[in-house]
Amino acid sequence: MHPVTLKNDRFLRALRREPVDCTPVWLMRQAGRYLPEYRATRAQAGSFMGLATNPELACEVTLQPLRRYDLDAAILFSDILTVPDAMGLGLYFADGEGPKFERPVRTPADIARLAVPDMGTELRYVMDAVSLIRRELDGRVPLIGFSGSPWTLACYMVEGGGSKDFARIKSMALNEPAALHRLLEVTTDAVIAYLAAQRAAGAQALQVFDTWGGVLAPHVYREFSLRYLQRIAAELPRGEGAARTPLILFGKGNAPYLEDLAATGTEGLGVDWTVGLGEARRRTGGSVGLQGNLDPATLYASPAGIEREVRRALDDYAAANGGSRAGHVFNLGHGMSPDMDPAHVAVLVDAVHAFSRDAA
């Protein structure tokens with residue numbers, strides 16, 4: 001493991017619910033198409049996967065937003081679908097259509113052929129990127145590694161790409177639940193191995209993106225998504241005490257399940273903008289760090305509008321936390337969009353630090 005000599009550890013302190021001088025902030029999709037420098041590097045790579053599978057270029061785009069903004073964490077530039085791709089499904093990106101798989105998983109025989117990829121060979125490019133980014137960061141801020149959740153990965157694997165109604169995988173849940181559980185078990189094994197390998201390569205925090213958990217009815221969510229998030233939180237090796245690598249569970253539409261998610265043993269819980277931070281703090285009782293949760297569309301507002309909404313979110317959390325800012329990592333409730341103004345991101349980041357520092 002890499003020795004931890006961080007110049008800025010606000011993010012990790014917040015996840016441990018320790019006092020901070022101001023609220024840390026990072027943004028989902030902070031390395032992305034809204035930045036002209038990202039678009040230039042993406043053009044140099046020739047394709048999205050060309051960028052994601054080149055450790056030097058993945059490192060470059062990971063660091064780009066930190067050169068512009070006073071962010072408190074970096075997040076590995078990669079894609080959640082690297083794991084199913086390494087399982088042999090043939091990931092490709094169709095212009096204007098998003099990710100697709102050449103060989104989707106539709107039958108019990110398809111599921112039986114799946115195995116946990118070898119992290120040192122099939123996914124070595126990810127681990128090489130993690131190691132390189134850690135070296136280049138030189139302790140400036142912590143590095144976050146990540147994976148898609150088993151349910152979210154299974155959605156893409158069964159549907160063969162994105163979906164409006166998730167008809168195929170919901171049909172599998174209804175008609176062939178045992179088969180879907182077999183798929184989710186091997187995918188969970190892969191996610192745990194993948195996150196453990198990122199941690200060994202130098203990731204200092206780990207986030208699981210359950211992007212599509214919110215499309216499920218509550219009893220289906222608990223059976224096919226929550227169950228496997230519980231396994232990850234219980235089985236992922238993270239160390240002990242102050243050296244423990246925090247896990248953050250983020251789910252779009254996870255507001256109904258905050259108590260269940262907080263009880264998994266995760267260190268952090270990411271929430272979207274459909275639940276107030278104050279309510280999330282009250283319902284979780286201070287048992288986990290909370291991350292979130294500004295509506296990304298706020299970045300389309302004027303600078304004054306962005307500052308107003310940042311202050312509202314910070315105050316909502318503090319009011320439910322005895323006036324304290326501890327235990328909160330500021331973030332968006334989902335990722336940024338390509339047409340957002342980079343100058344507005346600077347307003348958001350600076351407002352988080354200024355307002356939370358003033359009130360500390």
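The paragraphs below go through the strands, the pocket, the cavity, the aromatic rings and some backbone features of a predicted model.

Residues are numbered from 1 along each chain as its sequence is written, and side-chain values use heavy atoms, with hydrogens and water left out. Because the model is predicted, local features need pLDDT of at least 70 and side-chain atom pairs count only at pLDDT 80 or more, while totals for chains, interfaces and linings use all residues.

We begin with strand β4. Helices (H or I, at least four residues) and strands (E, at least two) are DSSP runs, numbered from the N terminus. A residue is called buried under 20% relative accessible area, exposed over 50%, and partly exposed in between, with a 1.4 Å probe and protein chains only. Strand β4 covers residues 143-148, and six of its six residues are buried, so the strand is largely enclosed by the rest of the structure. Both of its faces are covered: Leu-143, Gly-145 and Ser-147 are buried on one side, and Ile-144, Phe-146 and Gly-148 on the other.

Which strands pair with β4? Strands count as paired if DSSP finds at least two bridges between them. Strand β1 (residues 74-75) runs parallel to β4 and is joined to it by two bridges; here Ala-74 stands opposite Leu-143. Strand β5 also runs parallel to β4, with five bridges between them, and Ile-144 stands opposite Ala-205 of β5.

Lining residues have an atom within 4 Å of a point. Grid points are joined across faces, edges and corners, and a volume is the space filled by probe spheres set on the points.

The largest pocket has a volume of about 1,400 Å³. Its lining has 41 residues, of which Arg-29, Arg-33, Phe-48, Asp-79 and Phe-93 lie nearest the centre. The elements that give two or more residues to this lining are α2 (36-45), α3, β2, β3 (98-101) and α8 (150-159). The largest share, three residues, comes from β2. Residues are classed as nonpolar (Ala, Val, Leu, Ile, Met, Phe, Trp, Tyr, Cys and Pro), charged (Asp, Glu, Lys and Arg) or polar (the others, Gly among them). By these classes, the pocket lining has 22 nonpolar, 12 polar and seven charged residues.

The count of cavities of 30 Å³ or more comes to one. The largest cavity holds about 50 Å³ of space, and the residues lining it include Val-208, Tyr-221 and Phe-250. Strand β6 gives the most to this lining, with three residues. By class, the cavity lining has six nonpolar, two polar and one charged residues.

Two of the residues nearest the pocket centre, Phe-48 and Phe-93, also form an aromatic pair. Rings of Phe, Tyr and Trp (its six-membered ring) pair if their centres lie within 6.5 Å; planes under 30 degrees apart count as stacked, over 60 as edge-to-face and the rest as tilted. The whole structure has seven aromatic pairs. The pair of Phe-48 and Phe-93 is tilted, with 4.9 Å from centre to centre and 50 degrees between the planes. Phe-48 lies in helix α3 (residues 48-52) and Phe-93 in strand β2 (residues 91-94), so the pair ties together parts that are 45 residues apart in sequence. Phe-48 is buried, at 16% relative accessible area, whereas Phe-93 is partly exposed, at 30%. Together with Tyr-38 and Phe-77, these two residues form one aromatic cluster.

The backbone comes last. Most residues other than glycine have a negative phi, and most peptide bonds are trans. The peptide bond from Gly-292 to Asn-293 is cis, with omega near -5 degrees, and Asn-293 lies in strand β8 (residues 289-294). Asp-138 has a positive phi, near 55 degrees, and is found in the loop between α7 (124-137) and β4. Phe-166 has a positive phi of about 55 degrees and is found in the loop between α8 and α9 (167-175).

How values were computed
1 Å grid on protein atoms, 1.4 Å probe; cavity = no way out; pocket = protein on both sides within 12 Å on 5 of 7 lines; lining within 4 Å.
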